[in-house]
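Please examine the sequence and the structure shown below.

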Amino acid sequence: MPNGVLDSNDVNDSLYNELIAGLQGTYTVGGPSSPDYATLDSAIMDLNKRGVCANVIFELYDTTHMANTPIYSFYSSSPTRVVTFESKGGDKTLCSIYDVSTNSVNNYALQFKGGSNIVVKNLSITNASAGSYSGVISLEQNSGNITFDNCNISSKYSGGSTNACLVYSGPKDRVSDISFNNCEFEGGSWAAHLEGDKGALHSNINFTKSKFKNNNRSSIWLMYVDGSKISQNTMESNSTFAGVAAISVDETAGYVEIYGNYIKRQAVWPTYGALVKNSSGTSNKQNLFSTNSFSIGDTLSACLLYTSPSPRDK
């Protein structure tokens, strides 16, 4: 009651409740056939607003999509209520999420800012800019349980800018349970540059059966991570930047498993197949380095593994 009397005009009241149902089921996105969502942005905005009450699938029609809206932490997200973004036709070469930004404000084609329990599959995700701000995927603000399956992730940039990584996460983001399976990473500075914090480690970061091509720096660069499996990947690059490792792992806890990878050395890249430093396993989660192949060509200035040993390595 304003001023102690009944309000005779409720039109100008600013407090109200809006009840909306959470998303569930399958929705189409983009394309010419009267989709449920005209754009990928509108689908993500609705997801952020409404949350979910069951599994959700967004089927993207074969065209180019833009996602200027980040995926935030949304209501009722859980491992039993997974949100999937996938190509409706199943062909990742025909369906893409892209960006062409050249500045720090909108630097990524796909951003996760707390969004979790998500699968991205059968899609191309690319930044068509060749500038130093040409990142592709950003993982931020405790995002977790995100799987990329059979995706092409690429950038036209070739250089050393950390703003042009194909996949990036910084020390304040603390992401967990991130997996890339059967993906292709092409171009960019670092393909994957994931750095946790000494007091807040990233955890369970995995790369399996993926192909890395023409990354200017490391294909996989991890620091302050608790648990990582890097297995059965292939890596090669035409980069002329010297002194880098195809796989660089530093200041990890828990376990690091690097096995079954094939690394092909070109004229310069890489100097090290794998560089593992300051990384200690535990009594029941030992570091593992096994059955990796490193083709060094005609040079003797490269080596498969350089490590600062810990008592829990094998």
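**Val249 and its surroundings**

Apart from residues up to four places away in sequence, Val249 touches Leu222, Val256, Ile258, Leu275, Val276, Lys277 and Ser279, where contact means heavy atoms within 4.5 Å. The model is predicted: local features need pLDDT of at least 70 and side-chain atom pairs pLDDT 80 or more, while totals for chains, interfaces and linings use all residues. Residues are numbered from 1 along each chain as its sequence is written, and side-chain values use heavy atoms, leaving out hydrogens and water.

Val249 belongs to strand β22 (residues 245-250); strands are DSSP runs of E with at least two residues, numbered from the N terminus. Its relative accessibility is 1%, so Val249 counts as buried, a term for under 20% relative accessible area (1.4 Å probe, protein chains only). Between Val249 and Met223 lie 5.9 Å in space, C-alpha to C-alpha, although they are 26 residues apart in sequence.

An open sheet is formed by ten strands with parallel pairing, in the order β1-β2-β5-β8-β11-β14-β17-β20-β23-β26. Because β1 (23-29) and β26 (288-290) stand at the edges with a single partner strand each, one side of each has no neighbour in the sheet. Within the sheet, β11 (residues 144-149) and β14 (residues 176-181) pair in the parallel sense over five bridges; pairing requires at least two bridges found by DSSP. Asp149 stands opposite Asn181 in β14.

The largest nonpolar core has 62 residues, of which Phe58, Phe85, Phe112, Phe185 and Phe207 touch the most other members. Such a core is a set of buried Ala, Val, Leu, Ile, Met, Phe, Trp, Tyr and Cys residues joined through side-chain atoms within 4.5 Å. Another core, of five residues, lies apart from it and includes Trp190, Trp221, Met223 and Tyr224.

Definitions and conventions:
Buried < 20%, exposed > 50% of the residue type's maximum accessible area, 1.4 Å probe, protein only. Helix = DSSP H or I, 4+ residues; strand = E, 2+ residues; numbered from the N terminus.
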